[in-house]
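This report describes selected features of one protein structure. Please examine the sequence and the model before reading on.

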Amino acid sequence: MSAHAWLTVNQQATVPNHARDLRSLKKSREEFKYLVDKEPENASHWFGLAMAMEMLGYPREEYLEKLEQAYIRAPRELHIAQWLAEELYQQKDAEYFAKVAKPLMFELPDEDENKQIKMRLAELQGKPKSI
């Protein structure tokens with residue numbers, strides 16, 4: 001079930017919003033809900049549920065709850081931490097962004113991404129942006 005749910009989400013992620021197969025995404029969302037209920041400690045299930053909900057147009061607060069649950073379970077998972085950091089930056093939540101971004105900087109293999117995180121951190125903390 002997990003493989004099917006992920007296959008659907010990954011396929012639909014590459015499709016423009018207006019052309020997405022909403023029926024398939026809804027089924028994927030239901031599969032991830034089931035998986036979260038069965039294995040609540042599995043960060044991947046929470047992450048997939050958040051992705052499906054975001055693509056289905058759920059309010060930001062709702063899919064962010066799921067993303068945060070994924071982060072709590074796997075804070076060093078790059079895809080989860082990067083998405084959460086981006087959402088926190090967009091919300092201008094400086095304190096929470098710093099909690100996510102600081103460890104993320106040590107995990108990022110790309111120097112440009114690392115610099116971007118540092119600049120955003122400095123921006124939200126009101127520090128000069130010279131890196």
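## A residue in helix 1

Gln-12 lies in helix 1 (residues 2-13); helices are DSSP runs of H or I with at least four residues, numbered from the N terminus. Because its relative accessibility is 10%, Gln-12 counts as buried, a term that means under 20% relative accessible area with a 1.4 Å probe and protein chains only, while exposed means over 50% and partly exposed lies in between. Leaving aside residues up to four places away in sequence, Gln-12 touches Arg-20, Asp-21, Leu-25 and Met-55, where contact means heavy atoms within 4.5 Å.

## Basis of the model

The model is predicted, so local features need pLDDT of at least 70 and side-chain atom pairs count only at pLDDT 80 or more, whereas totals for chains, interfaces and linings use all residues. Residues are numbered from 1 along each chain as its sequence is written, and side-chain values use heavy atoms, with hydrogens and water left out.

In helix 4, the buried residues are Tyr-63, Leu-64, Lys-66, Leu-67, Ala-70 and Tyr-71. They lie on the same side of helix 4 because they cover an arc of only 160 degrees around the axis, judged by the directions from the helix axis to the C-beta atoms. The face turned away from this buried side carries the exposed residues Glu-61 and Ile-72.

## Packing partners

The buried residues of helix 4 pack against helix 3 (43-55), helix 5 (78-91) and helix 6 (94-107). Among the residues where helix 4 meets helix 5 are Arg-60 and Glu-68 in helix 4, and Trp-83 and Glu-87 in helix 5.

Definitions and conventions: Helices (H or I, at least four residues) and strands (E, at least two) are DSSP runs, numbered from the N terminus.
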